[in-house]
Every structure is written in C-alpha cells, then in structure tokens.
Amino acid sequence: ASGYLGKILRDNGNYVVGIDTNTKDIIKAKKVLDEAYVVNLETDNLNRFQGKFDFILFSEVIEHLLNPEAVIKKICKCLKPNGQILITTPNILHIYLRYRFLLGKFIYKDETVINKFHIHFFTHTTLKNLIKSIGLTILKDNSLVFPRTLSGIWKFWPNMFVHTNIFLCKKK
C-alpha cells in the first residue's frame, strides 16, 4: 500500500521494497521505503525480483487474488535460498463472524473480512493446507487469537478462535 508498515520495518534497519497495484499508494511509498513499484502479482513478470529477498511479508493479500496458490508459488521464487515468507489473512470462520451469520447478518463493509474486495476466504485449516500443498514448510503458526482469554485452548478449535491467520514459512 502506501508504505505505512514498510516504514516501520525500514526504521528498524531493514532494506524495504514495496509493491502494490495502486499508483497513488506507490508514490507515497517511495517517500518512506527504499524502493517501491507498481506490480500486479497475478499478471506481471517478477523475474527482476527472483532470488532477491531474505523475507517477504505477504500480509492481507491472498484473499484479494484470483489464484492465490499460483501467486504464492510465483512470489516464493523471489526468495533467496533460505528466505522466509510471512503469510497473513483473516479467518472467515472466526466465532464473531459465525455469530453474525447465525443472526442472519451478512453485510459487506470495507473494514471487515466480508468486503467487496475479498475474492477468496480462508480458515486456519484451509490456509494451512494451501501452504503445505504449495510445498512450503510452516516454521511458526503465530495466528492472532480473539478473545485472548481463549489463547490456551485455541489450538483445539483454530477455525473457531483464530481471528487472523499468521504463518511464517520457508521453501522446502
């Protein structure tokens, strides 16, 4: 996007390259990142980035893609041999959303999981299975649990209590 997260990473001593499809956001990002490019992950060639990165932050992206599996495979080619990728996406089966569905509330709002820009929806399990099917190794599951009082039992029902799926991965 406009580099708001990348700026924090850069301020902590990292060299940060940002990409987005929105030209206006990239103009803003160029002011706070080391590099920023207008890129469409689904259609553009990423050869200029192949083997370039130690770490890729793929945060809140896959739910917007027509073919998340193909894009993750493509973006992983941009990693160095021991590089890592952090993939995050909302959990469509979180207890709060289940409650809303139960009450018959399915309202599109831009700031929620149910919005007009999300093409695919993931649960904790479906994202985990997608990652494994691509051939990535999950190094850490650092998913955000809500409510926090259930942090001790969430692993028994991850599709119920994980609010945001967060997986740190590497290529096998």
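A crossing of two helices is left-handed if the near helix is turned anticlockwise from the far one by less than a right angle, and right-handed if clockwise. Helix H3 passes H5 in a right-handed crossing; helices here are DSSP runs of H or I with at least four residues, and strands are E runs of at least two, numbered from the N terminus. This is a predicted model, where local features need pLDDT of at least 70, side-chain atom pairs count only at pLDDT 80 or more, and totals for chains, interfaces and linings use all residues. Residues are numbered from 1 along each chain as its sequence is written, and side-chain values use heavy atoms, with hydrogens and water left out.

The axes of H3 (residues 68-76) and H5 (residues 124-134) come within 10 Å and cross at roughly 50°; axes are lines fitted to C-alpha atoms, for helices over the stretch in contact, and angles run from 0 to 180 degrees between N-to-C directions. The two helices are therefore oblique to each other, as angles count as roughly parallel under 35 degrees, roughly antiparallel over 145, roughly perpendicular from 65 to 115 and oblique otherwise. On the H3 side, Pro 68, Glu 69, Ile 72 and Lys 73 make the contact (heavy atoms within 4.5 Å), and H5 brings in Leu 130, Ser 133 and Ile 134.
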